[in-house]
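Colleague: Could you walk me through the ring contacts, cores and strand pairing in this one?

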Amino acid sequence: MKIRNILSIKKLAVLGICVSFVAGGCGKMTESSIPELEEPVALNEAYRPVEYAAIGSVQVLMATAVPRDYCNYYSANVNISQIYVEPGDIVNAGDVLAVCDVDEAKKQLQECQAALAHENETYEISAQISDTQIKMWENQAAQQDNNEHNKMDTADGAMDDVYGANTDTNIDERAADTDEFSTEQLEKSDRTEESYSTKIETEQENQRYDKQLHEYRVQKINEQMALYQQLVDDGTLKAAHSGLVTYTKKLTEGRSAAAYENIVIVSDTDDLVLDIKDTAINEYKYSDYDKKYVIVDGEKYDVTESQYTSEVLVLSKINNRYPDVCVESREKPFLTAGQMYPVYFEKTKANQALVVGKDSIYKDGDTRYVYVKNDEGGREKRIITTGESDENYTQVTEGLKEGELVYYNSTDQVPTKYSKYTVTRSDFDIANYGVQYSRSDAGTITETCDYEGQIVSVNVKQDDMIEKGMLLYVVDTGEGKAAITEAKNAIDSENESYAQKIADYDKQIKDLSEGGSSAEENNRQDEKPDTAYEEQQLKLNLQLLDLQKKLAGADHTYQLSRLQSAYDSISAGNDGKGNISVYAKNDGKVSKVSVKAGDNVEEGADILQITGNSTDVLLVQVKDSNSYKVCKDNIADVGERVSLELDGTTIYGSCIGFAGYGREAQKGYINQDDKGVHITGNTDSGYGNAAFYIKLDNGIPDDLTRASAVKFSYVSFKKVVVVPTSIIHKQVNPMDKDDISYYVWKIDGDSVVKQPVILSDYTSGSNTLVLYGIDEGDEICLAS
């Protein structure tokens, strides 16, 4: 399952206005409290009928129909040799999309193999060093214990000499002195044994940790080796799914691709999903709503949200990058790519309840009552019993019947002179424009200089056909010369450092061998010599030094190989004087040469461009314009219809891919496959502004200079409720100036009642899109 996680392209608001489900009603107001004998006063008579409806709330979110995307990427860092497809191409699952540099993959594999060998060797030596250290502490602890026992025996003999072995009168005194001496020695012995025991236990715990760390490192290196081995065996990138190529990595910004960087994205234009942009799953609060549906061409279809696995949710939380909420309908209504559809989320407290507006209800203590219009045209007070309530309406369980007219407190002037406006459904569009467009060339690669320096020669010219391995240019750079010298110095420094370490270890081994036991052992003047113990300690000390010497050798061999590899890489193509030759990595045609011999260049400067054949695709960039109102962070959706005016004729086409997103340099995706869950992303296109690709139905005209901007939709709805803006009224809660709602005056039989509505954020000319509250066939008062 592939899940897009993108920031909003179209500026779509999430409307959080709660309204009643009933067809009639008023705006958000609180219950009023008036003196029992005081009659309500309004600017004119205002009544609405008692009706059966649901009590609850509704949220309206905007969804856009977009193709389901399938990302194609490498699982390891690679250099891309060539991408074989372009936006607009149709591919089948298994088709080769790109190929990486196998030589680079071989190099990475060799580095992994060397790292694995070094990890195993150094771990084995380190484990032996740790074992040897433990043996030394165990030997010292045993010797210490033996010395303490010898001291106790010596102390007992001394006491016999002082007090006499058979002197009864001195027994108590002798015992007291002996106990005092023995206790002191035992306590000292216990502390020593505890010290050695603690050291040994700590080292054993370190061994367990080192083993786990070693196993983890080996696992990760093996995983990387498997990836690079796969690339060496077959460096091709194959399509995971059939469909339309809608994105390719631009090699103009460099050939290197990070692990899980999108190289190609394929979109299934036959599988459209409703993507609620600007509503990521960590912000979505409507999963517990009772009813969820979408309005498509005026028809209602139940929907369910896409469910994400726990692995997706965990990865999203760790990276703080969440996928959008997507909804789908089992009924599979016909959707149009790029079209927008309102999605409704309803929560019901009571269904088919008899309701009145909350602004019709008055209270006197615990008593609730309303004013009902009687047969004589006056109004009478009626006590009622209420049930559930929402923002606008209250359920009436006793006291009223359906159809009775109930007074409501309206401080707004109820219209008396008006014409009837009958609500219909129609299309609603707001246009956006791409003011810069040009033919897209396939596989364009920009060769940039890796160093600051001076161009010695350019060995190709514009329109030359080149082959892989051909000399392109030579650059003289002090940086290159300095880099070679620095790499050579690093090798020399490593050799000198290693030689010094080995000399130090050899001296310690010689001194220890000639001096016998360690100075620590020789300084124990109060202990009897123990030849066996000293010989064992000497042997362990020599063994420890020998292992440390081996560890230094293993580290030196590994570091030296890495430094030599770096030196070889830097000196490749370098004549040793700083002249670096650059060769073509692919076949192609030179479309542009930006430098000549003698030019000074900065690091990263463009040298030349190599391209494939021109395509029938237009790259459209969305920039500021003096002639059009442009939303710069908005592009057309894949599959969306676009148009272009040329000499008074409209040329039509479709969006077939995307390139850049203005301020948003990257577009992120969460992908789940048989290998796990990954976050992938697109690199910055380098255009610096929003950009997308289109194909015109009849190809690109020979002369585009007389064409206007490419027109596409910023907002696009089909068969929605659109009414004149003049019939919509605004009201502000006097207790909360930020609490703003909207209503229309709806004609209900002989009555005119306030009907709350939910509006979109969009107006087009003199019309406004209404999302909820009125529908086709309703009659609204249009001021005359």
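Colleague: Which ring does Arg379 lie over?

Modeller: A charge sits over a ring if NZ of Lys or CZ of Arg is within 6 Å of the ring centre and within 35 degrees of the ring normal. Arg379 is 4.9 Å from the ring centre and lies over the face of Tyr407.

Colleague: And how far is the charged end of Lys381 from the centre of the ring of Tyr369? Also, what should I know about the model?

Modeller: It's a predicted model, where local features need pLDDT of at least 70, side-chain atom pairs count only at pLDDT 80 or more, and totals for chains, interfaces and linings use all residues. Residues are numbered from 1 along each chain as its sequence is written, and side-chain values use heavy atoms, with hydrogens and water left out. The charged end of Lys381 sits over the ring of Tyr369, and its distance from the centre is 4.0 Å.

Colleague: Are Tyr247 and Phe658 stacked or edge-to-face, and why?

Modeller: Rings of Phe, Tyr and Trp (its six-membered ring) pair if their centres lie within 6.5 Å; planes under 30 degrees apart count as stacked, over 60 as edge-to-face and the rest as tilted. Tyr247 is in strand E8 and Phe658 in strand E34, 411 residues apart (strands are DSSP runs of E, at least two residues, numbered from the N terminus). The ring centres of Tyr247 and Phe658 are 5.9 Å apart and the planes are at 15 degrees, so the pair is stacked.

Colleague: Which residues touch the most other members of the largest nonpolar core?

Modeller: A nonpolar core is a set of buried Ala, Val, Leu, Ile, Met, Phe, Trp, Tyr and Cys residues joined through side-chain atoms within 4.5 Å. The largest one has 36 residues, and strands E3, E8 and E34 are among those that each supply at least two. The residues touching the most other members are Leu644, Phe658, Phe692, Ile694 and Val710.

Colleague: Which strands stand at the edges of the open sheet of four strands?

Modeller: Two strands pair if DSSP finds at least two bridges between them. The order is E24-E31-E29-E26, with antiparallel pairing. Each edge strand has a single partner, so one side is left without a neighbour in the sheet; these are E24 and E26.

Key:
Buried < 20%, exposed > 50% of the residue type's maximum accessible area, 1.4 Å probe, protein only.
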